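I opened the notebook today to look up how the two chains meet, and then how one of them is divided.

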Amino acid sequence: MTINSSIENSNIANINIKNNKISTKKIVSFIFEKIVPYVFMIVFAIRLFSYQSLIDTYIGLNQSPISAVTTFFTLVAIWLQYTAILISILRSFFRFKVLINLARYITLPIYLFNLILIQSIMILFVGNKQISLLFVCYLAEIVLGIALSIYYLIKDCKVKTSIKEIAIAIGVLLLMMIASLPAYFIQFVFGYGRNTIIPKDISFYHRVLIYIGIIIPIILYFTLRNQSEEVIRFSLIYISLATMIGFLVNYDYTIFSRPWSWPFHLCNTAMFIIPLCLIFKFKRLFYFTYFINVFGALIAMLMPNYEDTTNILSSKIFHFWFNHWIAFFMPLLIVALKQFPRPKIKEFYWSMIWFLGYFVLVLFLNVYFTAIGHKTDFFFLNTNYVVDQLGTWAEQLFNIEASITVGGKILVFHPIYQALFFATYVALGLAIWFVYAEFFRIADRHYELHLKLKKIKQVEIARRSVSSKIRKEEFMKELETKEAKLQLIHFSKKYATSKVYAVEDANLEVHKGEIFGFLGPNGAGKSTIIKSIVGIQPITEGNIEVCEYDITKDAVKAKYNIGYVPDHYALYEKLTGREYINYIADIYEVSKEDRDKRLAKYIKIFELESSIDSKIKTYSHGMKQKITIMSALVHNPKVWILDEPLTGLDPNSIYQVKECMKQHASEGNIVFFSSHLIDIVEKLCGRIAIIKKGHIQCVKSVDEIEASGISLEQFYLNTIGNNEEK
Amino acid sequence: MKAFVKKEKAQNTQIQKHGLKQLKTLVFMQLRDKIDLSFIKDKKQFFRTIILNLVKMIGIVAIAYLILFLSSKIGLFSNSEFPSIMVLILTISLGLSLISCTYELTNNLYFSEDNRVLITLPVDANQIFISKIIVFYIYELKKSLNFLIPLTISCLLLLIMKGFCSVWMLFWSFIPLIFILMLPVLFGALLSIILMYIKLFLKRVPTIQVLLFLVLLALSIIGIVYLIGLIPNNIDLIAQWPTISRNIREFLLQVESKLAIMSQMVSIIIGSFTQRLVYVLNGMTFVKLLVLIVICGILFILVYFISRPIFFGMMAKNFEINKRITNDKPNKKHNKYFTFINKEFKINLRTIHISVNYLMVYIIVPILILFLNAMYKAMDTRTLGDLLIYTFNILLICLPLLASNALVATYYSREGRTGYMKKTKPIYAFYPLIIKLLFNFIFSIPTIFITCAIFGSSVSFNVGEITLLGFAILFLHLGHMIYSANLDIMNPQNEQYATTGDMIDNPNENKSTVLAFILSAVYALISYKLLSEASLGSTDGSIIFGLVKLMIISIAFFGAMLLLFVKNIKAYYYDIQG
Amino acid sequence: MKKSVIITIMVIYILAIVVVGFIGIRLKVYNEQKYVEKIECISDGYKNYDSTTTTGASKIEAGYVGYIRADYQTGLKVEIKCRITPDNATNKKLEYIVDDKPSIYQLTTNSDGTATIEFFKGGVATVIIRATDSKQTQIKIEISAFDWSIIE
């Protein structure tokens, strides 16, 4: 009893311990995955604004207060810190292989590296090693970072990885570092270089920068479009956050007291709006960026507003171009990768409303701040920067001023210029929308094409014609020895536009020497089956085999064996009869002797001697039909398929065609035709099939039917009349 | 007896009335063929058409008035030469009408198919003849609303504004015009006899038809090129203005003296020039009008007695050339791939009306560019002007060529149901599909290079640069051609062509044309940018760099389009419902 | 081709000619024509009238700027050479105007812009040298061939 209870107790104790373990695990994971990232974010944000930076004043390593080598490594450490922080924070929201590896293996050394170099980092940032808010925050970051890395190391220890995957993770890290490049890095490390390179006015370097802004998103699109949803979302969020941080690095806490220096320019707002919209999925705000910002960024890229003396390696350039590249391509990339749906007119209206709001806000900010003495020009509304580029007529428009005095401050507006600006922008936005829509349509179509081709390759359909000569000779020999056979195996066909099967589960086998008739009411599926056999329509399900060649997999070989007479003659009216038949014979590679023989024979049978050398345009209906029949027989096909061949012919022609069919079948070939003329079918065919509403009702031989005492006509009407006839 | 005579008279009048009614029906029946009179039924449509036509006429009057007013203001001609302008207009207009009337009357009177239908109707054959003439006359009246009448009105307006004649002249002028417009019709009817015999002769020997056409074509090309060559270089309009205006005035005076008959006709319209320096209707005017009416009457009688019997003779004839019973032609075997080329060649040769459409573009474009550059050479341009010359030349070379590719966007659909048969043949469809483009490709090569040579020689490019430009435009043209073919494959219109033989609003054609315009504009802009750098730069070789870049862009475009075409055929061609 | 397409192409064609005609033409620099501002005689023996002397002042008042005095001999030819200011005047052609006195002298204009007076007897010629551009700057000089043989 006690042993049992003790076992029970120990069991209970075990369960309790397990529960405790589980609950500790839960608490730990809650802390590390829910609380720590947010604390991390707050610490990082404080750190960003907490100091007045000296680091962007150094041009070249020799200006640095510490030795060049240490400076270089310190800068790299700072750079890596940004990347690592983002990885650690984002890790708690995403989970895929590369990120997992990054968060546990790669970030730890980065934090340790920073810990070692923290004193140099402080010197570069603020010039001294004193304990300041910056120092504390930075240290806190490193500690939190290390803690998170260790947590993930433990948490994901069950996830196996290989050296290759770690190498991939390092490669991805290097790519991620591009987005988080601090603007001052290049100028600090390399100095200004040659002073003569000025990327402005569509000079060569300017163009290179523009091309980069176009090529990078294209590369991103092609690499990302095949990835999973999670990876795409992560990549886009990472890029937008990293560049936003890079953008914010230029500002410090003093900015809060100078609202006229806040980043209210259009493209500046994009840096914040894009990550916000991506993370929280704000649709309307996103479309504002999509319609307005992209276009504005493009114009800014074409007419940059930095001075002519700005060197290409300076931080200003990096700051400007990163800002505008992101504002330009991120919204487009986001829509292209289907993170947000393609906008419709409703979204356009909403974005125009947002734009109006932004416009009014910026207008008043400009005017107010100018009135209190700080010349501001957000969105270029308040100065003549834009009109300068346009010409004197624009200057005159700009000079029309209106001023209001409010509470002692004179607010100066330029009403006509500003109103025109707004109107033009809206109009251009609308025009650009059409351009976007077109580009996206094209991109989508290409993607569909790409997918379809991949599918085709996977199914391995060889649609090339027999090319090499050796294979050709073998094939020709094969042609002659194969027996005539036509098989439908579970063939079904559904037209793309309808939900109903045109033909469902048709099974049929026709052997050599047979004349096979195909009966059925209009719209039953006769033409569909015939067109699928000859290759005009594709097959939805099942197989069709002609002389044991599959019509989809060995299309060319199968078609060599088919002669097709369509229901409406399809001839080249401008050719003569002889020219047309020779043309067909050339395609089927009929030898000269054969075609001379056959042509002479058929011309005689069909009595076309006097008109064979006249243009087909001058033929009567019957003669055209005869030419079609001749062209289908010139290569002596093993399977001769006719679709309602006898409609509209005079009795003499009907007789001639029937004789042809009998002759052809007697040579061991198949004659397969559909018709409405039951009498003729009765006299001509060996076996028949009846099809109704896409289903083959029955396949019987004519003799069988007549042996049972009823005529074919009666049998047919019975079958069509009710479904249950055998 | 009197009663009998009275009865006969009554009968006669009844027959006459009946005859007139029949005539009216005949006229309306044939008129409906020529002009779309459906708008008469619907009141709204009726008003809309009338107002539209009125607006059109007023527009033409306004533009013509403006041009004449400006011309007289800058001293191109003074008021005494005014009648000569009218003489010119009248001459040109009547001349064109005469040519078109003769040609159409030949077809309509003698070779028309509905003659055979008309002859079965219970009408007097005379009436058929008269009805045809009347139909033509009404059609002439309608055509003159577009050209002659508005111009006459604007000339008169100018005279009225200058105070040279009164407002009533406007109303008077219509009366002589009615009779003047009869002249081309009646003359045409007479001349058509000659033309008819020529046509019969040509029909018997078709090779001469082709030869004649080629000779006429060559002569007209040489003539136009010669005329263009007469345009001098570096005309300084402002400095040489007195000479030029003097020459023009002399020319106008000569016109008036040489075309005396025409000036008489003009004087019927506007009256004679009196001592009081106004144009006034006087006795002479009415006399001349009478003479005109008499001439018309004589012509009508001539026509009635000469053309009518010939008309009767021709009406009943059958013009199909009898089928020649030829001997057995041999069967020719071709290579599987060559046979497509052979077939296309034969069909293109035999559907000459479509090919001629093409031919015209390929011949007219070089001539247009020649004229354009002759005009440009006559101007003394600065750097911006030189750049604009490059840009506009490239634009106007590309635009007609690319716009003519709209036909390619209907090639596959034009085959109708025959097009489906391609899928049943044991040959990969890509090959026959691309062969259809072969002839366009072949014909476009000489045109493009000749045009580029013309352009290049007038802006002094060397041979290498001309070749580069030629290839650039060639690849652009080919790329767009393949794009149009692509449009047709993805959106086939075979059914429409199979049933109706032609399609009015083919969406593929429209898309192809739109892209042609956009491509030409963009290409011209790019060439402007590239060549402007080149000429602003230092060395001569930089034009070559600009052209090389243009060529790379064209080749990239061509490559992309070809790739897309191949991929689309592979993915979609066999799957599209046929 | 469709009618609308042909009409559009024709319109663009005409526009092409018109636009280049208006924008592309090199402006003839009528405004930038440099007028002849000053003419100075630089012939041998030329002297400016001195406004401080009585003769000089009265002559200058009468519009003369200077004189050439030569001794008459048979076949005396006096060359009139002038310097034009500014040097890059658009139209440097000068015209020489004298009263017609065929018995005393004969003025011929040379191809290089100078002029020659040939004297048959002693006498005085008043020559007006004028620029042929629209500003028509001019100077008046006196050329006298003094025949000493009259006195003896």
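By buried area I mean the accessible area (1.4 Å probe) that two parts lose on being put together, summed over both. On that basis I noted that chain A and chain B bury about 4500 Å² between them, with 57% of it on carbon and sulfur atoms. I kept in mind that this is a predicted model, in which local features need pLDDT of at least 70 and side-chain atom pairs count only at pLDDT 80 or more, while totals for chains, interfaces and linings use all residues. Residues are numbered from 1 along each chain as its sequence is written, chains are lettered from A and ligands numbered from 1 in the order in which they are written, and side-chain values use heavy atoms, with hydrogens and water left out.

Next I looked up the contact itself (heavy atoms within 4.5 Å), to which chain A gives 49 residues and chain B gives 44 residues. For salt bridges, I took a side-chain nitrogen of Lys or Arg within 4 Å of a carboxyl oxygen of Asp or Glu, and the rule finds two across this interface. One of the pairs is Glu589(A) with Lys336(B), whose closest N and O atoms are 3.4 Å apart.

I then turned to how chain A is divided, using bounds from an automatic or database domain assignment: domain 1 covers 1-191, domain 2 covers 194-203 + 259-460, and domain 3 covers 510-538 + 556-721. Taken over C-alpha atoms, I found 68 Å between the centres of domain 2 of chain A and domain 3 of chain A.
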